[in-house]
Amino acid sequence: MLALGTAREVYGIRRISLNRLEKTILVEYDATRLTGPEVAKILRGAGVSVTSEVSLIPPQPVALPEDKNPVPAK
């Protein structure tokens, strides 16, 4: 816990939340200051085993190219 407290002091880390039931750690960080791999390195330095990363941003739909010669409706 002390090491996580030190990780919290890193410039760009906004918040660290623990969920003991799900055995997860939520790290909110400033993406203009840090990248995902940098945050994972900080957590590993604090003794946390990072097994996966979950994005809280839902996947965005892929825009399909518009047909340049649409078939006219009848």
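**Exercise 1.** In which loop is the place of K23? Find it, then describe the backbone and exposure of K23.

*Solution.* Keep in mind that this model is predicted.
- Step 1: K23 sits in the loop between β1 (13-19) and β2.
- Step 2: Look at the backbone there. K23 has a positive phi of about 55°, although it is not a glycine. For context, most residues other than glycine have a negative phi.
- Step 3: Now check exposure. The cut-off for exposed is over 50% relative accessible area. K23 has 75% relative accessibility, so it counts as exposed.

**Exercise 2.** Work out which residues of α2 are buried and which exposed residues lie on the face turned away from them.

*Solution.* 
- Step 1: Pick out the buried residues of α2, which are G36, V39, A40 and L43.
- Step 2: These residues cover an arc of only 100° around the axis, so they are on the same side of α2.
- Step 3: Go just past the end of α2 to find G47, with a positive phi of about 90°.

**Exercise 3.** Describe the largest pocket and its lining.

*Solution.* 
- Step 1: Start with the volume, about 750 Å³.
- Step 2: The lining has 22 residues, and I25, L26, V27, E53 and V54 lie nearest the centre of the pocket.
- Step 3: Sort the lining by class: 12 residues are nonpolar, 6 polar and 4 charged.
- Step 4: Ask where the lining comes from. Both β2 (24-29) and α2 (36-45) supply at least two residues each, and β2 gives the largest share, with 6 residues.

Terms used. Residues numbered from 1 in each chain as written. Predicted model: local features only at pLDDT ≥ 70, side-chain atom pairs only at ≥ 80, totals over all residues. Heavy atoms only, no water. 1 Å grid on protein atoms, 1.4 Å probe; cavity = no way out; pocket = protein on both sides within 12 Å on 5 of 7 lines; lining within 4 Å. Points joined across faces, edges and corners; volume = space filled by probe spheres on them. Helix = DSSP H or I, 4+ residues; strand = E, 2+ residues; numbered from the N terminus. Nonpolar A, V, L, I, M, F, W, Y, C, P; charged D, E, K, R; others polar. Buried < 20%, exposed > 50% of the residue type's maximum accessible area, 1.4 Å probe, protein only. Arc of directions from axis to C-beta.
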